[in-house]
Amino acid sequence: MKEIKEVATFLEQKNYQQAAKLLKQLQKEHPHNLWVQLYIGRWYEEINKLESAEKFYRKLLKDATNPQVVAQARQGLQRIETIEKKRQQQAIATAKSDPKNTEPGLLIIEAISKENKQEAAKNLARIMKIDPYTARMQLQSRGWRIYRLGAIGELKIYGEEMLKVGIPVFWAKISDIEKINIFRVQYFQSISSSEASIVCLNEQDKMGGLNFQWSEVVDKVEGLLPIFMNAMDYDPRRRSEKIRHKQMTQDYAKILDLHLPNRRSIIRFCDQNYQYQKGITSKVQTQDEFLLTLQTTNRSKWNDLVNMINPKLAKVTTWSDFTSFGEVASRDYTQLLSRLKYYIDISRKIETMWDPAFHLYSTLVFLKN
């Protein structure tokens, strides 16, 4: 086709306006012509609209049977990949030249709907230079996942590229996590419809009082932390009568964080160490009432406590997707979690990474919002 050669000449001369005019005419006259589609992709590539160029090239790889068109579309994709990789490396190098950007941080990827997952996987594969299958496995339909650790400047570059193509992510510095104040509630001293007073421990384990308005709370984070026990079991394959040790979940500790961003503070409740017998719950009891209190389990007391708090925070967002985050974090990021001070006082026979994982999850919610 003579006109295609003219388009090629215009592109070589960087006469993009004339090339666009002729391509528009050709697209109208020959909407299904593969060479026209190829040169539309080339035009987008030349004017630096690489995402649009990539779409045309990928469609040609899917639809075209002409070996020349396929080969040129593949070459176009390789050129785009080289350009993007070079830009990404330059951006990362520039970011790392600032000492502030070398601080350690995390890149968190958020949930992606099933209908958007395939496209998101393609984009993630392109940005991170991995295959689409691996990228798809790194996406999830619910909750958050730690995607990458590293220098915050580099993570920000990746994060911004992902956001541009609709992949929901955010990033945070470890130092910002460590700056959040954590107060572990021992009991309520007083409570009303507008404010509350608590007795709590600070990070130095010093007991004190803290007053706050319910209106200061902007987020509420709930979590279940497994409490493990060692159990004995026979070899299921029956090849020997040896008893093996197996770790099992015996129970769950319940935890509730209230976020007060204006004070850069988190108020933390835990059913394992809340002193139910003190504060506003204590009263003069008859002998029968005292015996009934002894028979009441901590679980029901905790439920009463939560039922007392929730109406005060009816309009506050509740975050309760910790479990999926905790499963991955406690398994794959033990080195990071072992360095965190997490301020959760659960008496454990078996140590676990679930406690620092919850602290990390809650503080990430705090920083994101």
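**Reading charged pairs and rings**

Modeller: Asp176 and Lys179 form a salt bridge, with their closest N and O atoms 3.7 Å apart. The term requires a side-chain nitrogen of Lys or Arg within 4 Å of a carboxyl oxygen of Asp or Glu. This is a predicted model: local features need pLDDT of at least 70, and side-chain atom pairs count only at pLDDT 80 or more, while totals for chains, interfaces and linings use all residues. Residues are numbered from 1 along each chain as its sequence is written, and side-chain values use heavy atoms, with hydrogens and water left out.

Colleague: How many salt bridges does the structure hold?

Modeller: Side chains of opposite charge can pair when their charged atoms come close. The structure holds 16 salt bridges. One of them joins Arg126 to Glu54, at 3.1 Å from N to O. Arg126 belongs to helix H6 (residues 114-128) and Glu54 to helix H4 (residues 50-63), so the pair links distant parts of the chain, 72 residues apart. Helices are DSSP runs of H or I with at least four residues, strands are runs of E with at least two, and both are numbered from the N terminus.

Colleague: Are Arg126 and Glu54 buried or exposed?

Modeller: Both Arg126 and Glu54 are buried. Buried means under 20% relative accessible area, exposed means over 50%, and partly exposed lies in between (1.4 Å probe, protein chains only). A network of salt bridges links Glu54, Arg58, Glu84 and Arg126.

Colleague: Which residue meets Asp345 in a salt bridge?

Modeller: Arg184 does, at 2.9 Å from N to O. Asp345 lies in the loop between helix H13 (334-338) and helix H14 (354-368), and Arg184 in strand S4 (residues 181-191), so the pair ties together parts that are 161 residues apart in sequence. Asp345 is partly exposed, at 35% relative accessible area, whereas Arg184 counts as buried at 6%.

Colleague: Which residues do ring pairs link into a cluster?

Modeller: A pair of aromatic rings is described by the distance of the centres and the angle of the planes. Rings of Phe, Tyr and Trp (its six-membered ring) pair if their centres lie within 6.5 Å; planes under 30 degrees apart count as stacked, over 60 as edge-to-face and the rest as tilted. The structure holds 14 aromatic pairs, and ring pairs link Trp144, Phe170, Trp319, Phe322, Phe325, Trp354, Phe358 and Tyr361 into a cluster.

Colleague: Which residue lies over the face of Phe170?

Modeller: Lys368 does, at 5.7 Å from the ring centre. A charge sits over a ring if NZ of Lys or CZ of Arg is within 6 Å of the ring centre and within 35 degrees of the ring normal.
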